[in-house]
Amino acid sequence: IAGMPGGIPAFFQFSDGLFVCLSAPGVPASLLMAMQGLRVPENEVRTAAEAPFWSYEPTAFDVRTDPGWTWTRPLLDLYGLAGCWSWPVFSPSGEALGAMLVFRTDALPPEAEETELLNCAGRILALLIEQRLLIDDLRYQAEHDCMTGAVNSVAFEKLLEHEIALADDNQRVVSLVCLNVDRIGTVNNLLGRHVGDRLLRD
């Protein structure tokens, strides 16, 4: 993708309702900052908080005339960009995972060979995002109590060591406050474990 003549690629993951850049070799920093943290558009009239590049079908945007790109047009003009190929990325179940963009110095649509390459790259990006999500989920499970969602002892020790190291480096004091919840067993017995778990979470 990076080797396409006249193209600058960017890869985004859809996370917690927002688009987060995974990699964007060659995309100017100011343009990349404008693309970060945008949400899926709710309708055709797009605000500055919504991703102008999002489409549920592969789309070749002419960013010079497309109304969705109005608020980013000064940046695009500054860097001589006229088009953007946008490829949505979905899981096998149809869940939106992200988007693959190729900013262009022209507004021409991709040719058949380029479309095939983009489709292949989109499938690879979907696998990478799903693997990333799986790793994040496994890491969360390893560091949090499955009943309460609270940080477990393993993760707590790591956090404590980190804070102590920071305190040493910055010559400051770190304090540790220990709280004990009395009679949590009684709460579990009388009201149920779900109430006890909620009490610990809150």
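**Close-up views of a predicted model**

**View 1. A nonpolar surface patch brings together Val151, Phe156, Leu159 and Leu176.** The area of this patch is about 360 Å². Patches are built from residues with over 30% relative accessible area and no salt bridge, nonpolar side chains (Val, Leu, Ile, Met, Phe, Trp, Tyr) being joined within 5 Å and like charges within 9 Å. Accessible areas follow the Shrake-Rupley method with a 1.4 Å probe, and for residues only the protein chains shown count as cover. One of the patch residues, Leu159, belongs to helix α4 (residues 153-170); helices (H or I, at least four residues) and strands (E, at least two) are DSSP runs, numbered from the N terminus. Leu159 has a relative accessible area of 47% and is therefore partly exposed, given that buried means under 20%, exposed over 50% and partly exposed in between (1.4 Å probe, protein chains only). The model is predicted, so local features need pLDDT of at least 70 and side-chain atom pairs count only at pLDDT 80 or more, whereas totals for chains, interfaces and linings use all residues. Residues are numbered from 1 along each chain as its sequence is written, and side-chain values use heavy atoms, with hydrogens and water left out.

**View 2. Helices α5 (residues 184-191) and α6 (residues 193-201) cross at roughly 140°.** Their axes come within 6 Å; axes are lines fitted to C-alpha atoms, for helices over the stretch in contact, and angles run from 0 to 180 degrees between N-to-C directions. The two helices, α5 and α6, are therefore oblique to each other. In this scheme, angles under 35 degrees count as roughly parallel, over 145 as roughly antiparallel, 65 to 115 as roughly perpendicular and the rest as oblique. On the α5 side, Ile184, Val187, Asn188 and Leu191 take part in the contact, meeting Arg193, His194, Val195, Gly196, Leu199 and Leu200 of α6. Contact means heavy atoms within 4.5 Å.

**View 3. Arg104 and Asp106 form a salt bridge.** A salt bridge is a side-chain nitrogen of Lys or Arg within 4 Å of a carboxyl oxygen of Asp or Glu, and the whole structure holds five. The closest N and O atoms of Arg104 and Asp106 are 3.2 Å apart. Arg104 is buried at a relative accessible area of 6%, whereas Asp106 is partly exposed at 24%.

**View 4. A salt bridge links Arg139 to Asp136 within helix α3 (residues 112-143).** The closest N and O atoms of Arg139 and Asp136 lie 3.2 Å apart. Because these residues, Arg139 and Asp136, are three residues apart in α3, about one helical turn separates them. Arg139 is partly exposed at 44% relative accessibility, and Asp136 is partly exposed at 35%.

**View 5. Arg172 pairs with Glu163 in a salt bridge.** Here the closest N and O atoms are 3.7 Å apart. Arg172 counts as partly exposed at 39% relative accessibility, as does Glu163 at 32%.

**View 6. Ser30 is a residue of helix α1 (residues 29-35).** With 29% relative accessibility, Ser30 counts as partly exposed. Leaving aside residues up to four places away in sequence, Ser30 touches Leu75 and Tyr79. From Ser30 to Leu133 the C-alpha to C-alpha distance is 28 Å, and the two residues are 103 residues apart in sequence.

**View 7. Asp16 and Gln171 have positive phi values.** Most residues other than glycine have a negative phi. Asp16, which is not a glycine, has a phi of about 55°; Asp16 is placed in the loop between β1 (7-15) and β2 (18-23) and is exposed, at 78% relative accessibility. Gln171, likewise a residue other than glycine, has a phi near 50°. Gln171 is found in the loop between α4 and α5 and counts as exposed at 76% relative accessibility.

**View 8. Leu108 occupies the loop between β6 (96-104) and α3.** The relative accessible area of Leu108 is 57%, and Leu108 is therefore exposed. Leu108 and Val89 are 19 residues apart along the chain, and their C-alpha atoms are separated by 21 Å.
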